[in-house]
Amino acid sequence: MKRTRFAEEQITGILRRVVAEAVGTALLLTAVVGSGIMGERLAGGNLAVVLLANSLATGATLVILILIFGEVSGAHFNPAVTLVLGRRANMSWGQILYYMIAQVLGAMGGVWIAHAMFGEPILMVSSHVREGYPQIFAESIATFGLLLTILSCVRNHPRAVPAAVGLYIMAAYWFTASTSFANPAVTLARGLTDTFTGIRPQDIPGFIVAQLIGAIFAMFLFRFLFPDKDCSQESL
C-alpha cells in the first residue's frame, strides 16, 4: 500500500511539473508573439518601436512566469535550460524528455493563442528570413549568456533569478543580431507564425544547434568557475 501511494505521489508530482512547464511556456510564447503583433499594428512601420515593445513584454512576462512556476517545476520553459539544469540536478532522462515535450507543445499552443487573440489565421508557416552565420553565432552567444546568468544566479543570488533572467533577455533582444531566441522550443514555435517574431522553418536548425552549443559552453565555464557547488537542489 505504501509503495503504491508513493508511486502515485511520484506520478502526480511529475504531472504537476510537466503541466507547469507546458502552461508557462505557452504563456511565454503568447507574450512574445502577441506583443510582436500589437507592436507592429501600433508602431506605424517603426521596427525599433516594435522591438522595444516586444523586448519589454517578453522580459516582464519571464519575471512573472518564473515567480509563478519556479517552485513547481523550476520554471525552465526552455529545453536548453532543462538539459543543463536537469543533468546538474540528477533528473532522469525520462523526466528531461517529458519537460522538453511539454515545452515544445506549450510553445506551439502559445503561438496559436496569440493568433486567436489578434484575429490572425491560427495555422501559419513563417516567411521571416533569419539566415547567415552572424545570426547563428548570435544565438550561441545569447544562449551562452542566458545559461550563465541562470546558473550563476541560482548559485549566488537565488532570489534574483526572475529579475536577472527577464533583464538579460530584454537586453539580449537588442545586443544580439538574432534578437535572442535562446530557446529551442521558442524557436520551433516561432516557425509557426508569419508575424514580426517569426522565423522560416529552414532557418530553425542552425539556430537550435547554436543554442545547444552555447548552453554547453556555459555549463563548462560555470563548472570551471564554481567547481564545489552541490547542485542537487538547483532550480529557478
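Residues are numbered from 1 along each chain as its sequence is written. In this predicted model, local features need pLDDT of at least 70, side-chain atom pairs count only at pLDDT 80 or more, totals for chains, interfaces and linings use all residues, and side-chain values use heavy atoms, leaving out hydrogens and water.

Me: Which residues touch the most other members of the largest nonpolar core?
Reply: A nonpolar core is a set of buried Ala, Val, Leu, Ile, Met, Phe, Trp, Tyr and Cys residues joined through side-chain atoms within 4.5 Å. Buried means under 20% relative accessible area, exposed over 50%, partly exposed in between (1.4 Å probe, protein chains only). The largest core holds 46 residues, and those touching the most other members are Leu-28, Leu-29, Phe-77, Leu-146, Leu-147, Ile-150 and Val-165.

Me: What is Leu-28 in contact with, leaving aside its neighbours within four places in sequence?
Reply: Contact means heavy atoms within 4.5 Å. With those neighbours set aside, the partners of Leu-28 are Thr-58, Thr-61, Leu-62, Leu-65, Phe-77 and Val-186.

Me: How far apart are the end C-alpha atoms of H4?
Reply: Helices (H or I, at least four residues) and strands (E, at least two) are DSSP runs, numbered from the N terminus. The expected span is 1.5 Å times one less than the number of residues. H4 has 25 residues, so it should span 36 Å; the computed distance agrees, at 36 Å.

Me: Is Leu-27 buried or partly exposed?
Reply: Leu-27 lies in helix H1. Its relative accessibility is 40%, so Leu-27 counts as partly exposed.
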